[in-house]
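Please look through the sequence and the model below before reading on.

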Amino acid sequence: MFHAIKPIMAPPGARTGEGLRPSPDWWMRVVVCCFCWFMVVSLGTSKPAKPNVNNVYVDQPVPGSTVTNSVLDPRWSVGGWIWASETRDKQTCRFWRAFDIPRGAKVARSQIHIGVDNGYRLMLNGRELGTGSDWRSITEYDVSLLLERGRQVLAVEAFNDNREAGLLFGMTVELTDGRIIEIPSDTNWRVVPEGVIGWESKQQAPAQWGHAVVVSAFLPRDGLWHRREPTMTVKVPVLLPLETHFLQRGWVQVALWVFGCITGLLYLRVLAKLTVQSKAQTMLHKERARIARDIHDELGARLTELALEGEVAQTELPEGSAVRPRLEALCEKARAVSGAMDELVWMVNSRRDTLRDFANFACRHAQRFLSQTSIRCRLDVEADLPGILFELPVRRNLLLGVKEALNNAVKYSHATEVLLSIHRRGQTLLVIVEDNGEGFDLEKVDSSRNGLTNMVERMKEVGGLCRVTAKAGVGCRVKFQVPLPKFQKRPRDPDPADALTLAAIRGMPSSSVAEKNLPSS
């Protein structure tokens with residue numbers, strides 16, 4: 001098998017130093033040495049030694065003491081009776097002891113035996129294992145699954161009701177390598193003074209913690225202790241390690257804490273931005289109201305004054321004067337500009353940016369626009385429209401679309417009636433302009449005309465929809481559909497003037513819905 005291993009040779013033509021060329025014998029020696037070393041190690045560790053109870057390892061023995069085969073009682077597996085240097089009635093005595101499990105060692109089996117006159121609370125590494133109140137029975141705890149390599153801390157809080165007191169304790173830890181650690185109740189235990197916080201899990205004992213005192217050896221046959229012999233052993237089921245859930249792990253809690261801090265900082269940042277934006281929005285609304293007021297007061301008054309002066313000038317001119325028609329045209333233009341300015345003021349004014357205000361203005365515009373023609377205006381407006389915020393871009397594009405539809409009906413439909421309908425359907429506002437005119441064929445519409453295209457594009461800009469339904473000889477129906485805000489962002493009390501205006505519109509003969517519906521395609 002060794003001859004099958006070919007040495008690594010330098011490629012032909014390569015320069016190699018003298019003595020550096022590898023040889024087959026040299027590689028064979030390396031492989032043989034490695035194989036021999038592997039066999040020696042395998043033979044030395046293939047059969048681990050079985051645990052021997054006679055190999056006793058006592059952690060931290062008292063100076064001057066000798067280690068025997070076992071320091072625990074062979075029947076009850078405990079040490080001697082220990083207590084503090086002073087014994088009194090109603091006394092609570094705290095015992096502390098620490099030991100180490102050697103590095104690299106694994107625990108095969110471990111048991112604790114304990115009994116106290118009169119009661120106790122047993123803890124291991126800060127975890128409470130159990131309580132007891134009768135020294136006549138020794139309690140056995142199986143802690144094999146609770147021990148890991150490193151420092152281990154035992155703590156017992158014992159209570160004495162009256163007269164003599166004592167603690168019996170014994171712990172056996174069997175390691176997989178055969179060693180045994182025995183912890184008896186002896187003078188290696190420390191007595192913890194009162195008032196110490198967290199003593200159950202301290203890794204080191206301060207110098208001021210005194211040593212326990214052996215009040216009697218187990219089992220004594222003289223004095224007050226001649227009847228202090230247990231009568232039974234109570235076994236507790238195997239104690240399992242505490243289950244650490246995913247969210248209880250240290251790195252998870254740190255990650256959640258960091259995530260919470262980052263989220264809090266981001267929340268504060270967003271809150272600050274929203275506060276600044278809210279203040280800016282409030283200032284914007286105030287500025288819009290001021291601009292609308294200034295335009296109405298300044299330009300409106302000037303245009304009205306200009307129209308009145310033109311009318312006065314007309315009365316001063318003779319009937320056949322050539323200047324009168326020009327003055328009359330000038331007055332009409334002034335009134336038209338005044339009307340356009342009123343529409344601009346309505347759009348800019350932040351106090352008129354609700355759905356109710358839009359319906360009011362659209363109805364008034366339709367009535368005013370159709371009153372100059374022979375077409376009857378019919379209005380179908382939903383009662384009790386809410387005063388929710390209707391954003392400026394939405395109401396502006398929707399109003400321009402309605403004006404375009406009314407203008408087309410007057411110019412091309414030859415209709416006798418036009419219906420303006422304003423209703424809600426869930427979180428959507430539906431505005432319909434419908435006439436009973438001649439209609440037209442959509443496929444034959446001149447593409448160079450921008451009226452219908454503009455209506456569709458305006459609705460797309462605000463996330464809405466425009467649908468035109470027309471048929472020759474039937475009429476035309478233009479349906480506008482725009483989304484409404486889910487919440488009332490800026491509530492406002494209804495304006496009594498708006499309510500009166502809508503009520504007046506509904507009460508007018510021309511605004512009532514006809515008994516016979518218009519034909520629709």
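Are α4 and α5 roughly parallel or roughly antiparallel to each other? This is a predicted model, and in it the two helices pack at an angle of about 20 degrees, with their axes 11 Å apart. An angle under 35 degrees counts as roughly parallel, and α4 and α5 are therefore roughly parallel to each other. The crossing of α4 past α5 is right-handed. On the α4 side the contact is made by Phe358, Phe361, His365, Ala366, Phe369 and Leu370. Facing them from α5 are Arg395, Leu398, Leu399, Lys403, Leu406, Asn407 and Val410. By class, the residues of this contact divide into 9 nonpolar, 2 polar and 2 charged.

Helix α5, which spans residues 392–413, also packs with helix α6, residues 451–461. Here the angle is about 160 degrees and the axes are 9 Å apart. That makes α5 roughly antiparallel to α6, because angles over 145 degrees are classed that way. In this pair α5 passes α6 in a left-handed crossing. From α5, the contact takes in Arg396, Asn397, Leu398, Leu400, Gly401, Glu404, Ala405 and Asn408. From α6, the residues are Gly451, Leu452, Met455, Arg458, Met459 and Glu461. The residues of the contact of α5 with α6 divide into 6 nonpolar, 4 polar and 4 charged. Leu398 of α5 is listed in the contact with α4 and in the contact with α6.

These helices belong to a protein chain whose secondary structure comes to 7 helices and 19 strands. Of its 521 residues, 37% are buried. Among contacts between residues at least 6 apart in sequence, 75% join residues at least 24 apart.

Thr354 is found in the loop between α3, residues 323–348, and α4, residues 355–370. Its relative accessibility is 2%, so Thr354 counts as buried. The side chain of Thr354 is joined to that of Asp357 by a polar contact of 2.7 Å.

At 9% relative accessibility, Leu484 counts as buried. Which residues does Leu484 touch, not counting residues up to four places away in sequence? They are Leu355, Ile388, Phe390, Arg424, Gln427, Thr428 and Leu429. Leu484 and Val394 are 90 residues apart in sequence, while their C-alpha atoms lie 9.5 Å apart in space.

One of the residues touched by Leu484 is Thr428, which has its place in strand β17, residues 428–435. Thr428 has a relative accessibility of 19% and therefore counts as buried, since the cut-off for buried is under 20%. Leaving out residues up to four places away in sequence, Thr428 touches His423, Gln481, Val482 and Leu484.

Asp100 counts as partly exposed because its relative accessibility is 28%. Its side chain makes a polar contact of 3.1 Å with the side chain of Arg151. The C-alpha atom of Asp100 is also separated by 8.8 Å from that of Val153, a residue 53 places away along the chain.

The remaining points concern the backbone. Where is the cis peptide bond? It joins Asp117 and Asn118, with omega about 25 degrees. Asn118 is found in the loop between β4 (107–117) and β5 (119–124).

Asn125 has a positive phi of about 55 degrees, although this residue is not a glycine. The loop that holds Asn125 runs between β5 and β6, the latter covering residues 127–132. At 34% relative accessibility, Asn125 counts as partly exposed. Ser77, not a glycine either, has a positive phi of about 55 degrees. Ser77 is in the loop between β1 (56–57) and β2 (81–83).

Notes
Residues are numbered from 1 along each chain as its sequence is written. This is a predicted model: local features need pLDDT of at least 70, side-chain atom pairs count only at pLDDT 80 or more; totals for chains, interfaces and linings use all residues. Side-chain values use heavy atoms; hydrogens and water are left out. Axes are lines fitted to C-alpha atoms, for helices over the stretch in contact, and angles run from 0 to 180 degrees between N-to-C directions. Helices (H or I, at least four residues) and strands (E, at least two) are DSSP runs, numbered from the N terminus. Angles under 35 degrees count as roughly parallel, over 145 as roughly antiparallel, 65 to 115 as roughly perpendicular and the rest as oblique. A crossing is left-handed if the near helix is turned anticlockwise from the far one by less than a right angle, and right-handed if clockwise. Contact means heavy atoms within 4.5 Å. Ala, Val, Leu, Ile, Met, Phe, Trp, Tyr, Cys and Pro count as nonpolar, Asp, Glu, Lys and Arg as charged, and the others, Gly among them, as polar. Buried means under 20% relative accessible area, exposed over 50%, partly exposed in between (1.4 Å probe, protein chains only). A polar contact is a pair of N or O atoms within 3.5 Å; within protein, one must be able to donate a hydrogen and the other to accept it, and residues adjacent in sequence count only if both atoms are side-chain atoms.
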